[in-house]
Amino acid sequence: MTEQSGHATASRTVWLDTPERYGRVSRGFHWVMAALFAWQFTGALLYVTIGDAALTRLVGGSHFTLGFTLFVLVLLRGVWGLANLHRRPAHPGAPGRAVAAGHGLIYLLMVLVPSLALLRQYGSGKPFAPCGIPVMPARETKIEWMMLPADLFHYWLGFTLLVVVLGHAAMAFLHRRLWNETVLTRMT
């Protein structure tokens with residue numbers, strides 16, 4: 001192997017996932033999305049605790065645009081994760097199945113919660129143009145059945161996602177403190 005091809009391989013492994021740790025792209029998706037979700041959850045919690053106040057409008061005013069952004073990031077992250085699946089750190093045995101189930105639940109909720117909101121938005125007939133990008137044009141009529149699932153489930157599934165994400169973070173902490181496993185270093 002030449003020095004140049006060795007450097008190219010080493011450079012590629014920094015960006016791609018490896019069995020020892022997640023690459024820069026996966027880590028970037030993870031931490032950017034964690035920050036955006038923290039902002040989303042902060043706005044939702046402010047709305048629940050103090051109602052429609054200036055602070056709530058400041059933080060929650062970006063909820064629709066940020067939710068759409070997170071939806072796009074979730075889809076991109078999912079494609080990236082599938083492309084790197086065979087390179088990612090292994091999770092063997094029963095604990096590995098629990099890890100896979102937990103991550104599967106997080107991904108399911110990260111797709112389902114904004115999907116319901118987008119369905120409601122389309123059903124409302126209101127235009128939707130996050131960051132000025134026209135995604136849904138205005139319509140004169142509402143489609144009630146499209147609005148109903150989000151009216152029933154978006155709020156509750158959003159808070160379920162918050163609980164699952166907090167559990168995810170708690171498990172990373174417990175792995176370090178109780179079992180002396182450095183799983184968090186794979187993502188940092």
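I count a helix as a DSSP run of H or I that spans at least four residues, numbered from the N terminus. Helix H3 covers residues 54-60, and Thr 56 lies in it. I am working from a predicted model.

**Entry: overall fold**

I looked up the secondary structure. The protein has six helices and zero strands. Along the sequence I read the pattern α-α-α-α-α-α. I then looked up the extent of the protein. Its C-alpha atoms fill a box of roughly 65 × 40 × 30 Å along the principal axes.

Next came the contacts. I took those between residues at least 6 apart in sequence. Of these, 66% join residues at least 24 apart.

**Entry: surface and charge**

I looked up how much of the protein is buried. There are 188 residues, and 30% of them are buried. The accessible surface comes to about 12000 Å². Carbon and sulfur atoms account for 71% of that surface.

I also looked up the charged side chains. I found 16 positive and 8 negative ones. The centres of the two sets lie 6 Å apart.

**Entry: the largest pocket**

How big is the volume of the largest pocket? It is about 1500 Å³. The pocket is lined by 45 residues. Closest to its centre are His 30, Val 99, His 103, Ile 106 and His 168.

Which helices each supply at least two residues of the lining? I noted helix H2 (24-50), helix H4 (63-83), helix H5 (93-124) and helix H6 (144-177). The largest share comes from H5, with 11 residues.

**Entry: Thr 56**

I went back to Thr 56 in helix H3. Is Thr 56 buried or exposed? Its relative accessible area is 5%. The cut-off for buried is under 20%, so Thr 56 is buried.

I then looked up what Thr 56 touches, leaving aside neighbours within four places in sequence. Its contacts are Gly 43, Leu 46, Tyr 47, Ile 50, Gly 51 and Gly 61.

**Entry: Gly 125**

Where is Gly 125? I found it in the loop between H5 and H6. Its relative accessibility is 5%, so Gly 125 counts as buried.

I skipped residues up to four places away in sequence and listed what Gly 125 touches. The list is Pro 137, Ala 138, Arg 139 and Thr 141.

I also checked one distance, from Gly 125 to Leu 46. These two are 79 residues apart along the chain, and their C-alpha atoms are separated by 27 Å. Leu 46 is one of the contacts of Thr 56.

**Entry: Cys 131**

Cys 131 lies in the loop between H5 and H6. I looked up its backbone angle. Phi of Cys 131 is near 55°, a positive value in a residue other than glycine. I noted this because most residues other than glycine have a negative phi.

Is Cys 131 buried or exposed? Its relative accessible area is 66%. Exposed means over 50%, so Cys 131 is exposed.

**Entry: Trp 156**

Trp 156 is found in helix H6. I looked up its accessibility. The value is 57%, so Trp 156 counts as exposed.

Note on methods:
Residues are numbered from 1 along each chain as its sequence is written. This is a predicted model: local features need pLDDT of at least 70, side-chain atom pairs count only at pLDDT 80 or more; totals for chains, interfaces and linings use all residues. Side-chain values use heavy atoms; hydrogens and water are left out. Buried means under 20% relative accessible area, exposed over 50%, partly exposed in between (1.4 Å probe, protein chains only). Contact means heavy atoms within 4.5 Å. Accessible areas come from the Shrake-Rupley method with a 1.4 Å probe; for residues, only the protein chains shown count as cover. Lys and Arg count as positive and Asp and Glu as negative; His and the chain ends are not counted. The place of a charge is taken as NZ of Lys, CZ of Arg, CG of Asp or CD of Glu. On a 1 Å grid over the protein atoms alone, a cavity is a set of points where a 1.4 Å probe fits but cannot get out, and a pocket is an open set with protein on both sides within 12 Å along at least five of seven lines; lining residues have an atom within 4 Å of a point. Grid points are joined across faces, edges and corners, and a volume is the space filled by probe spheres set on the points.
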